[in-house]
Each structure stands twice: as structure tokens, then as C-alpha cells.
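Hi there,

Here is the structure I promised to pass on to you. Have a look at it first, and then read my notes below.

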Amino acid sequence: LEAAQHFAWRIKLVVASDKSKQIEKGYEIALHQPISDAKKKAFEKLYDTALVQFKADRKKLIATTGPDKLKQQPETAALIIVAEAMMNTDEFITKN
């Protein structure tokens with residue numbers, strides 16, 4: 001989870017608040033290639049699902065984002081989940 005947190009915070013430094021652009025940039029950083037439309041839609045759906053959950057569950061939000069109150073935002077937590085999913089793709093794990 002810590003690697004995904006740091007990766008998500010890095011993405012947010014480059015793209016502050018647009019989820020679609022954050023996903024595009026995160027994929028580009030992680031895999032050194034543009035994201036396909038299908039993968040982008042899948043990551044956006046994951047983000048939206050996580051966002052709803054984090055808005056409803058503050059404890060889960062804090063467990064995901066950590067103790068820094070400045071980072072305890074549902075949008076940040078959702079991006080952490082997406083970052084973690086990107087880091088678990090076959091392409092990321094096996095890239096040369």
C-alpha cells in the first residue's frame with residue numbers, strides 16, 4: 001500500500017484534480033506508454049467505485065491515505081486504489 005500511496009501522490013503532483021488525466025498520466029509513468037481506452041474506462045470505473053466507498057467510510061479512508069490530514073481526501077484514496085491496481089497489472093510486473 002505504501003508504494004501505491006507514493007505513486008498516487010506523485011501523480012497528484014503532476015495532475016492535481018482531473019481523474020481522467022491522472023489515470024492517463026499514472027499509466028504513462030508506470031508503463032511508459034499511453035493507456036488504451038478500454039483500460040482507461042476500467043480504471044475510471046474502479047476510481048468511481050472506490051470514491052463512493054471512501055466518501056461513506058472515513059476509517060477506510062484514513063487506513064488507505066495514512067495519518068496526514070492533508071492527504072485524507074476521498075479522491076486521493078480512490079487514486080491510491082487505482083495506482084495499486086496499475087502496479088498489479090501484468091504489464092507493470094513484467095515490463096522490461
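Let's begin with a pair of helices: the axes of helix H4 (residues 58-65) and helix H5 (residues 74-87) come within 9 Å of each other and cross at roughly 60 degrees. Please keep in mind that this is a predicted model. With that angle, H4 and H5 are oblique to each other, and H4 passes H5 in a left-handed crossing. On the H4 side, the contact is made by Leu 61, Thr 64 and Thr 65, while H5 brings Pro 74, Thr 76, Ala 77, Ile 80 and Ile 81. Sorted by class, that contact has five nonpolar and three polar residues, with no charged ones.

Helix H4 also holds Arg 58. Arg 58 and Met 87 are 29 residues apart along the chain, and their C-alpha atoms are separated by 25 Å.

At 1.5 Å a residue, the 13 residues of H1 should span 18 Å, and the end C-alpha atoms are 19 Å apart, which agrees. Which residues of H1 are buried? They are Ala 4, Gln 5, Phe 7, Ala 8, Trp 9 and Ile 11. Helix H2 (19-31) is part of what covers these buried residues, and so are H4 and H5.

Enjoy exploring it!

Best wishes

Technical notes
Residues numbered from 1 in each chain as written. Predicted model: local features only at pLDDT ≥ 70, side-chain atom pairs only at ≥ 80, totals over all residues. Heavy atoms only, no water. Axes fitted to C-alpha atoms, helices over the stretch in contact; angles between N-to-C directions. Helix = DSSP H or I, 4+ residues; strand = E, 2+ residues; numbered from the N terminus. Parallel < 35°, antiparallel > 145°, perpendicular 65-115°, else oblique. Left-handed = near helix turned anticlockwise from the far one by under 90°. Contact = heavy atoms within 4.5 Å. Nonpolar A, V, L, I, M, F, W, Y, C, P; charged D, E, K, R; others polar. Expected span 1.5 Å × (residues − 1). Buried < 20%, exposed > 50% of the residue type's maximum accessible area, 1.4 Å probe, protein only.
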